[in-house]
Amino acid sequence: MKPSVLVNTKHHVERFMKQQNTKHELSVQAELEQSPQKSPKRSIFIFKKLGVFFMIWVSLVLMYGVICSYTNEVGQDEFYRFIFFLRSPVVVVINCLALILALLHTVTWFNSVPTSLKLVNHNQRHFRLILIAGLWLVTLVISMMLFLFVLK
């Protein structure tokens, strides 16, 4: 290629990039101006996405507890280390956050079930509430059964 063509192409690319950066900056500014209006929905969305990491944390803690209880049967006192680990303030705070995010996920999931199943018409609010209440009832019954099973 000729050097003049390369210079001309370079000039067009630079001009195009400046236009794209300007458009991007304008879109970011517009988004920031609208953000106070959408703040609660965004924060709930962010918390729901962070919930995965807390659920992984709970899974790892439970796995550590199972390993410690198995080694406790062998004769070591690893289970007591696990109990002291659970009593740490940082672990308590992380576990509380995991519980809150699990409840948030449950509430949003139960609220979205009637619309996703298409069983309930949007105008019939009482059927929607009955379905959501039924889901909560099933959850409570299973939780109580597990609780009674653990107490035995």
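1. The accessible surface of the protein chain is about 13000 Å², and carbon and sulfur atoms hold 70% of that area. Areas come from the Shrake-Rupley method with a 1.4 Å probe; for residues, only the protein chains shown count as cover. This is a predicted model: local features need pLDDT of at least 70, side-chain atom pairs count only at pLDDT 80 or more, and totals for chains, interfaces and linings use all residues. Residues are numbered from 1 along each chain as its sequence is written, and side-chain values use heavy atoms, leaving out hydrogens and water.

2. The protein chain has five helices and zero strands. Helices (H or I, at least four residues) and strands (E, at least two) are DSSP runs, numbered from the N terminus. Of the 152 residues, 11% are buried (under 20% relative accessible area; exposed is over 50%, partly exposed in between; 1.4 Å probe, protein chains only).

3. Helix α2 spans residues 39–74 and holds Leu50. Leu50 counts as partly exposed because its relative accessibility is 37%.

4. Buried residues of α4 (residues 89–117) include Phe110, Val113 and Pro114. Just after α4, Lys118 has a positive phi of about 60°.

Notes:
Expected span 1.5 Å × (residues − 1).
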